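Work through the exercises below with the structure open beside you. Try each task before you read its solution.

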Protein chains: 2
Amino acid sequence: MEEREISKAVVKRLPRYYRYLGNLLEEKVERISSSELSRLMNVTASQIRQDLNNFGGFGQQGYGYNVKHLYKEIGKILGLDKTYSMVIIGAGNLGQALANYVRFEKRGFRIIGIFDVNPRLSGVSVRRIPIMMIDELGEFLGNNKIDIAALTLPASGAEEVAPILTDHGIKAIWNFAHTDLHLPEDIVVENVHLSESLMQLSYKLNHMI
Amino acid sequence: MEEREISKAVVKRLPRYYRYLGNLLEEKVERISSSELSRLMNVTASQIRQDLNNFGGFGQQGYGYNVKHLYKEIGKILGLDKTYSMVIIGAGNLGQALANYVRFEKRGFRIIGIFDVNPRLSGVSVRRIPIMMIDELGEFLGNNKIDIAALTLPASGAEEVAPILTDHGIKAIWNFAHTDLHLPEDIVVENVHLSESLMQLSYKLNHMI
């Protein structure tokens, strides 16, 4: 498939399409029209057609989308046709919550190590994934090809550990720490700032939007 | 202060301003120019001036912003000058992680109850916050005024519990469940879909943007 330039806004919506299509697949739905998908997702049918037209000719007039095909193609665009190895830095509740999400594994994100500074956690495992000490991180990264690091530790720790990660060739950081990391330009980052999300909610609550 | 219509995009950026201004306050910085803030936050100075002009006249030419004042005013807009009572539904790792964030408490979000279906968690506490059983939720909500519910349970459970919450007057839902809840129009929602965030990261990794 030839890939056109896809706008950032569309990319942000793709995982949601992927989720709905995955649910439809589970329900053994083979085809769906843009208007049915529109009702389901609470998005206008024209928005759906516009978004999905980005990938060229999935839908056919009066015939609808082939759910399986569309699911697969969106998965490819999102990079879900590959597998990734991942480490989690910070074995607190949030790190352990991520380690326990079997869903990630199913999507191809294999968590192969968790790191922490707390010596009491040394040797403990979460879902058979060993917790190691942060001072072993460099060596571990030297011996294992890791694609993604999730940072679930306090801001100061995240700033300290980031150079170790990038020095060892990690190209993608999923950052839950309450800071904007300073990283080389060729490193991609996705931030999840929970406090900021909660502030958005309190804004909405006060302005009822 | 008279409040103008603030665009959604600006609102999304406010928590980040709030975070930087909070850090500056801790470092006892009293004033900051848009160009200094620009360097710090890696945003253009004109963007900063435009964003902050929304609130009218905080900055003075050649004088900069009063950090404390700006921090306070942005806090007010975000609704952080009030306190909120909150429950967490789902006492798994993620729910416990949220319950353990002391930061939320400091911002005025008081977590007063955690609910789960697992009887083994009954009577257990997280940071002195009691874990109760979901069948006690209705009664608890009848006896306590709760503003916000965080949903950290599987999608099917979230769909089931949502009507109980809204029937008891909860107006804001912080949804971590992997579903789009069907809610009355006067309920505000903020979604945190972790799988979708991870897919954004794998998209970026594959397209290096």
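This is a predicted model: local features need pLDDT of at least 70, side-chain atom pairs count only at pLDDT 80 or more; totals for chains, interfaces and linings use all residues.

**Exercise 1. Find the strand order of the open sheet in chain A, and name its edge strands.**

Step 1. Trace the sheet from one side to the other. The order is β5-β6-β4-β3-β7-β8-β9 (chain A). That is seven strands, and the pairing is mixed.

Step 2. Look for strands that pair on one side only. These are β5 (125-126) and β9 (188-191) of chain A.

**Exercise 2. State how many bridges join β3 to β4 in chain A, and in which sense the two strands run.**

Step 1. Locate the strands. β3 of chain A covers residues 84-89, and β4 of chain A covers residues 109-116.

Step 2. Count the bridges. There are six, and the strands run parallel.

Step 3. Check one pair. Met86(A) has Ile111(A) in β4(A) as its bridge partner.

**Exercise 3. Turn to chain B and describe the pairing of β5 with β6.**

Step 1. Place the strands in their sheet. Chain B has an open sheet of seven strands with mixed pairing, in the order β5-β6-β4-β3-β7-β8-β9. β5 (125-126) of chain B is an edge strand, as is β9 (188-191) of chain B.

Step 2. Count the bridges. Two join β5(B) to β6 (residues 129-133) of chain B, and these strands run antiparallel.

Step 3. Name a pair. The bridge partner of Ser125(B) in β6(B) is Pro130(B).

**Exercise 4. Describe how α2 and α3 of chain A pack.**

Step 1. Begin with the geometry. Helix α2 (residues 34-41) of chain A meets helix α3 (residues 45-53) of chain A at an angle of about 110°. Their axes are 8 Å apart.

Step 2. Classify the angle. Values from 65 to 115 degrees count as roughly perpendicular. Therefore α2(A) is roughly perpendicular to α3(A).

Step 3. α2(A) passes α3(A) in a right-handed crossing.

Step 4. List the residues. α2(A) supplies Ser34(A), Ser35(A), Leu37(A) and Ser38(A). α3(A) supplies Ala45(A), Ile48(A) and Arg49(A). By class, the contact of α2(A) with α3(A) has three nonpolar, three polar and one charged residues.

**Exercise 5. Work out which element gives the largest share of the side of chain B that touches chain A.**

Step 1. Size up both sides. 40 residues of chain B are in contact with 40 residues of chain A.

Step 2. List the elements of chain B that give two or more residues. They are α1 (8-26), α5 (93-100), α6 (102-106), β8, β9 and α9 (194-207).

Step 3. Pick the largest share. α9(B) gives it, with 12 residues.

Step 4. Sort this side of chain B by class. It has 21 nonpolar, 10 polar and nine charged residues.

**Exercise 6. Describe how α9(A) meets α1(B).**

Step 1. Take the axes. Those of α9 (residues 194-207) of chain A and α1(B) come within 9 Å and cross at roughly 125°.

Step 2. Classify the crossing. α9(A) and α1(B) are therefore oblique to each other. The crossing is right-handed.

Step 3. Name the residues. Glu196(A), Met199(A), Gln200(A) and Tyr203(A) in α9(A) meet Val11(B), Lys12(B), Pro15(B), Arg16(B) and Tyr18(B) in α1(B). They divide into five nonpolar, one polar and three charged.

Note on methods
Residues are numbered from 1 along each chain as its sequence is written. Chains are lettered from A and ligands numbered from 1 in the order in which they are written. Two strands pair if DSSP finds at least two bridges between them. Helices (H or I, at least four residues) and strands (E, at least two) are DSSP runs, numbered from the N terminus. Axes are lines fitted to C-alpha atoms, for helices over the stretch in contact, and angles run from 0 to 180 degrees between N-to-C directions. Angles under 35 degrees count as roughly parallel, over 145 as roughly antiparallel, 65 to 115 as roughly perpendicular and the rest as oblique. A crossing is left-handed if the near helix is turned anticlockwise from the far one by less than a right angle, and right-handed if clockwise. Two residues are in contact if their C-beta atoms, placed from the backbone, lie within 7 Å. Ala, Val, Leu, Ile, Met, Phe, Trp, Tyr, Cys and Pro count as nonpolar, Asp, Glu, Lys and Arg as charged, and the others, Gly among them, as polar.
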